[in-house]
Amino acid sequence: MTKKATTGAEALIKCLENKDVKFIFGYPGGAAIPIFDALFDSTIDLVLVRHEQGATHIADGYARATNKPGVVLVTSGPGATNTITGIITAQMDSIPLVVLCGQTITSALGKDAFQEADVFGITAPLVKHSYLVKDPNDIPRIVEEAFHIAQTGRPGPVIIDLPKDITSADCTASLKNITMDLPGYTIPEKAPKKDIQKLAELLKASKKPLILAGHGILISGASKEMKTLAEKLGAPVTNTLLGKGAFPENHALALGMLGMHGTAYANKAVSNCDLIFSIGCRWDDRITPAKIERFCPNAKKLHIDIDIAEIGKVLQPDAYAIGDAKAILTELIKMVEPLPTEPWLKELDAYKKKYPLGYKIHGGLKAQHVIDELYNLTKGDAIVTTDVGQHQMWAAQFFKTHAPDTWISSGGAGTMGFGFPAAIGAQMGCPDQTVIAIVGDGGFQMTAFELSTAAIRKLPLKIVVIDNKFLGMVRQWQELFYDQRLSGVDLEGNPDFVKLGEAYGIKGFRIKRPADVRRILEKALAYNDGPCIIHAEVVKEDNVFPMIPAGGSSDDMIIEAPKYKMEKPKGST
Amino acid sequence: MAIIELIKNRPHIHTISLLVANKPGVLLRISLIFSRRGFNIESLVVSPTLDGRYSRMTITAHGEPSVLEQIIKQASKLIDVVHASEHKDSREVVEKELALIKVHAKAEKRAELLQVIQHFKSITIDLGPEELIIQVTGSTEKLDAMVAFLQDYGIIELVRTGKVVMGRGKMTT
Ligand SMILES: Cc1cc2nc3c(=O)[nH]c(=O)nc-3n(C[C@H](O)[C@H](O)[C@H](O)COP(=O)(O)OP(=O)(O)OC[C@H]3O[C@@H](n4cnc5c(N)ncnc54)[C@H](O)[C@@H]3O)c2cc1C
Ligand SMILES: Cc1ncc(C[n+]2csc(CCOP(=O)(O)OP(=O)(O)O)c2C)c(N)n1
């Protein structure tokens, strides 16, 4: 009996199995049918989503929670273009995704064939790398390369565009011992010792150091080293939105998040430190002023990053080391000694006492109250995903992140519609953990159709809808900077989210009064038979503080609602 | 003479060499990095290298040096770019460009024109009854000067290859 030849699609799926892929998040269509056909016989679990954008965010949440690449499979044309938002979300936050797109047959490319889109061209500025496969025998190599590129160095999304004739044709290439052909791809691993020594030297001279813990620490898996370094130096640590979990936010040296909506004490520390040491953070414009010379002008700046293009992009550091944070920190820890930071820590403690994060429990239900109580009830032991907006900032402030890879939020792209599907991915990757999606009424409605995906799989995730019947964050800006001229932010007419859940067979809870918060959240957290929606009907108008107006520096921070009209942000969006 | 002014006021031109994998889409990715930062590419030469797996790109562009440094870093980061660098010191490299210039060459002007051609060490590669085509090689500045000079005779068409460079001696490009 002659062995049946392997098609390109079968080779593809075999390669994915060999890469230990557990889930593919996808949606079929004509150009991708050969691949779906090959999946029929595969051990890989195909998760049928309800929209391709959902697939990318689910894969993204899976990747952030597990540190493994998320895999997406869609058809050509509109299937592929529906993934664009998810791709840029992953690219901006350095998340490893492998996105497989069906494509029209090679001979029809460029002829406006049915459901043809130039996916390679459209995605070129949004990906770490991309492929248009022209030969079925290239498939094993390309899959090998795509996974390597997506996960190593600074991670990111990789697209493989697969014409239907290629996935249908025979592939005779070996699926084992695949050699990659990536002459232009280098991963900086080891930084020169003298660069690390320079960091140590500058640290030695500091009395008021501030460590800025970024997402790179989580990507590197360096949170243990991060903690050792901070404790050895006696240096306080602030973190970015995406760096939540890089250093336990309940640690005595932790100041929580800095930046636009960071804690007042973290931003005070930025203003007053004599040295700021970014580890795996890219000095984003939510944490640095438009006039960069205003960013802690008297502090030495230190930077560790795996991406050489980040060094000097926003600010010129006084010392830097290029490479993997874990490797560099391991060396650095050996070179440093405890610093005389007692007075500095006292100063910061005074700020903590003077300007604590807070909210008023009375006068209507507050989003902060719901989130704070979630934190208390779970003792921080949960994976939290968020959508984008005010609730995201309150979640960042009030849900302290204790452990790595338990905070999942779209930072760089700020993609509304991300939070809930990301929670699906996180729950699939971490079935034994409590997963809570904290979403706004606006953002949730952007991808709520994935309720089916969650319900069918009975994923026990908790969807907390913070319903203020406004696009709250935009309303806040219009109130503060645009004379309260509310334009295009009214969400009156929202559905009853409990009933929406019911339509999918999903359990619902409702919170309307501050007095009910604890009792209802306890019940919801104890419910594990499937997803549940917690519809929190919060006060309509509330603002996130502290706030540094866009483009401003930590010196411009306002801690509570200003009595005067504020100037429109300049030099930043 | 407008073109002389143009040459005088010409902003500093940067020359960037890239060694890239000979794969589809490389040019697209590189040009995206330039255009995203609002950098205008002046000239671009792509040619195969001895090793067929790679191509050589020589790009000239003008703009802020600090932005260009960032662009080069970002280009180096591209998976298919093996090496990218700016040639900051023109003494370390030889640079050449070639231009074909078609000019009006009526009988009464022809002798004078041939003298100009000789002066610029260029050659005539096509001789028509009323026009001729000149081939000139040299530095970008020399070519600019010749083009400026020929304006008086009436340039009909101008095609330039864009600059190519090579490191001197042991310097690799
Ligand atoms: C409405 C809204 C408000 C926001 N407000 C704030 C705010 O107040 N404060 C705030 O901090 N953010 C805020 N953000 C998020 C902000 O936009 C950025 O996404 C965030 O600051 C980026 O954090 P980061 O630099 O740590 O992570 P990333 O952007 O993910 O950058 C990670 C860095 O680490 C590097 N890296 C990757 N791997 C490694 C490795 N192995 N070793 C070393 N380095 C590595 C990368 O090259 C990169 O430079 C807000 C976002 C939104 C949507
Ligand atoms: C896809 C997308 N569209 C628009 C925006 C701009 N935007 C940022 S926050 C926000 C309001 C979010 O409202 P909601 O989801 O209700 O959350 P809230 O701010 O009220 O907590 C908007 C519209 C965005 N970030 N993403």
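Contact here means heavy atoms within 4.5 Å. By that rule, chain A brings 20 residues to its contact with chain B, and chain B brings 18. The model is predicted: local features need pLDDT of at least 70, side-chain atom pairs count only at pLDDT 80 or more, and totals for chains, interfaces and linings use all residues. Residues are numbered from 1 along each chain as its sequence is written, chains are lettered from A and ligands numbered from 1 in the order in which they are written, and side-chain values use heavy atoms, with hydrogens and water left out.

**Interface of chain A and chain B**

- About 1,500 Å² is buried between the two chains, and carbon and sulfur atoms give 59% of it. Buried area is the accessible area (1.4 Å probe) that two parts lose on being put together, summed over both.
- On the chain A side, A:His129, A:Pro183 and A:Gly184 lose the most area to chain B, together 30% of what that side buries.
- Two salt bridges are counted between the chains. The term requires a side-chain nitrogen of Lys or Arg within 4 Å of a carboxyl oxygen of Asp or Glu.
- One of the two joins A:Asp181 to B:Lys23, at 3.6 Å from N to O.
- Elements of chain A that each supply at least two residues to the side touching chain B are α6 (119-123) and β5 (129-132). Helices (H or I, at least four residues) and strands (E, at least two) are DSSP runs, numbered from the N terminus.
- That side of chain A holds eleven nonpolar, four polar and five charged residues. Ala, Val, Leu, Ile, Met, Phe, Trp, Tyr, Cys and Pro count as nonpolar, Asp, Glu, Lys and Arg as charged, and the others, Gly among them, as polar.

**Oxygen atoms of ligand 1**

- A polar side-chain atom of A:Asp305 lies 2.6 Å from an oxygen atom of ligand 1.
- For A:Asp284, a polar side-chain atom lies 3.0 Å from a ligand 1 oxygen.
- A:His261 uses its backbone: an N or O atom there lies 2.9 Å from an oxygen of ligand 1.
- Taken alone, ligand 1 exposes 1,000 Å², and the protein buries 96% of that. These accessible areas come from the Shrake-Rupley method with a 1.4 Å probe.

**Shell around ligand 1**

- Of the 38 residues around ligand 1, those that come nearest are A:His215, A:Thr240, A:Arg282, A:Asp305 and A:Asp324. A residue is near if one of its heavy atoms lies within 4 Å.
- α10(A) gives the most to this shell, with four residues.
- By class, the shell has 14 nonpolar, 15 polar and nine charged residues.

Notes
Polar contact = N/O pair within 3.5 Å; in protein donor to acceptor, adjacent residues only side chain to side chain.
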